[in-house]
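Good morning, everyone, and thank you for making time for this. I would like to walk you through the ligand sites of one structure, so please have a look at it first.

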Amino acid sequence: LIRQQTDLPLSGKKVVVTAGGTKERIDPVRYITNDSSGKMGYQLAMAARDKGAKVVLISASTQLKHPFGMEVVAVESAQQMSDAVFKEFESADIVIMAAAVSDYTPETQATQKIKKKENQMVISLAKTQDILATMGQQKSHQFLVGFAAETHDVAEYAMGKLEKKNADMIVANDVSKPHAGFNKETNEVTLFSKDTPPIELSVRSKRDIADSIIQEVIQKLSK
Ligand code: CTP
Ligand code: CA
């Protein structure tokens with residue numbers, strides 16, 4: 001017997017979460033990617049689900065199992081992630097960009113394996129679309145959460161991203177810390193939002209970090 005939960009804080013809300021690192025193809029056997037494991041995004045998706053939300057998890061390739069009780073959309077590149085996000089955007093109430101989206105992508109993708117020739121080779125890269133900033137320009141009712149992965153001047157950069165991308169919250173991640181960031185089981189973050197002092201979440205499991213982020217979003221939406 002499945003009982004419909006209608007009394008949870010995110011019941012009736014649609015939450016879109018992106019996770020993992022995008023892969024930008026150079027040729028059929030090679031790509032550019034990053035160290036994102038997808039763990040933080042998956043925990044956020046599960047935390048939102050457990051608060052009653054209808055969750056769409058847009059996932060770049062990870063080693064993680066698909067969580068139950070949500071729709072999982074598999075994507076590879078930044079462009080594919082953008083297409084998947086904007087398909088859901090209008091009907092979303094909350095969008096959480098936990099994915100590490102590549103900032104650049106090869107200008108051209110070779111359809112056949114590139115053979116080695118000269119001693120040097122140059123791959124020309126073009127900037128990708130900033131998905132979060134584009135949503136920030138287009139948003140009507142949506143609550144936008146972004147991440148900021150930094151190694152230095154964390155608060156300054158995070159507040160800059162909040163402003164420039166027109167996000168409602170930025171989760172700042174000091175990825176130079178040993179218990180935080182890419183591919184770790186734990187995280188340590190600071191939440192920046194407009195008109196509220198930053199909230200520091202000391203080292204704890206990614207699930208606990210996710211619960212605190214979702215809790216904070218719920219609180220902001222109820223105001
Ligand atoms: N982001 C995005 N689209 C991109 C790049 C980033 O939506 N093409 C999102 C990320 O998912 C994250 C936020 O923007 O939520 C910040 O990403 P980050 O890499 O920290 O910042 P950038 O704006 O890309 O700047 P930089 O990498 O130079 O710090
Ligand atoms: Ca970036």
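Before I describe any surroundings, a word on classes: Ala, Val, Leu, Ile, Met, Phe, Trp, Tyr, Cys and Pro count here as nonpolar, Asp, Glu, Lys and Arg as charged, and the others, Gly among them, as polar. Please also keep in mind throughout that what you see is a predicted model.

With those classes in hand, the shell around ligand 1 divides into 8 nonpolar, 4 polar and 4 charged residues. Ligand 1 is surrounded by 16 residues, of which Met-97, Leu-132, Phe-147, Lys-161 and Lys-165 are the closest. As for where the shell comes from, α3 (131-138) and β9 (143-150) each supply at least two of its residues, and β9 gives the most, with 4 residues.

Which pocket does ligand 1 take up? The space taken by ligand 1 is the largest pocket.

Let me turn to the polar contacts, beginning with the backbone. A polar backbone atom of Leu-132 is 2.8 Å from an oxygen atom of ligand 1, and a backbone N or O atom of Ala-149 lies 3.2 Å from an oxygen atom of ligand 1. From a side chain, a polar atom of Thr-128 lies 3.2 Å from a nitrogen atom of ligand 1. Taken alone, ligand 1 exposes 570 Å², and the protein buries 76% of that area.

Finally, there is the calcium ion, ligand 2. Which residue provides its protein donors? Both entries are Asp-103 (OD), lying 2.5 Å from the calcium ion, and Asp-103 itself is found in the loop between β6 (94-97) and β7 (104-106).

Technical notes. Residues are numbered from 1 along each chain as its sequence is written. Chains are lettered from A and ligands numbered from 1 in the order in which they are written. This is a predicted model: local features need pLDDT of at least 70, side-chain atom pairs count only at pLDDT 80 or more; totals for chains, interfaces and linings use all residues. Side-chain values use heavy atoms; hydrogens and water are left out. Donors are N, O and S atoms within 2.8 Å of the metal (3.2 Å for Na, K and Ca); water is not among the atoms, so sites may look incomplete. A residue is near a molecule or strand if one of its heavy atoms lies within 4 Å of it. A polar contact is a pair of N or O atoms within 3.5 Å; within protein, one must be able to donate a hydrogen and the other to accept it, and residues adjacent in sequence count only if both atoms are side-chain atoms. Accessible areas come from the Shrake-Rupley method with a 1.4 Å probe; for residues, only the protein chains shown count as cover. On a 1 Å grid over the protein atoms alone, a cavity is a set of points where a 1.4 Å probe fits but cannot get out, and a pocket is an open set with protein on both sides within 12 Å along at least five of seven lines; lining residues have an atom within 4 Å of a point. A molecule sits in a cavity or pocket if more than half of its atoms lie within 2 Å of its grid points.
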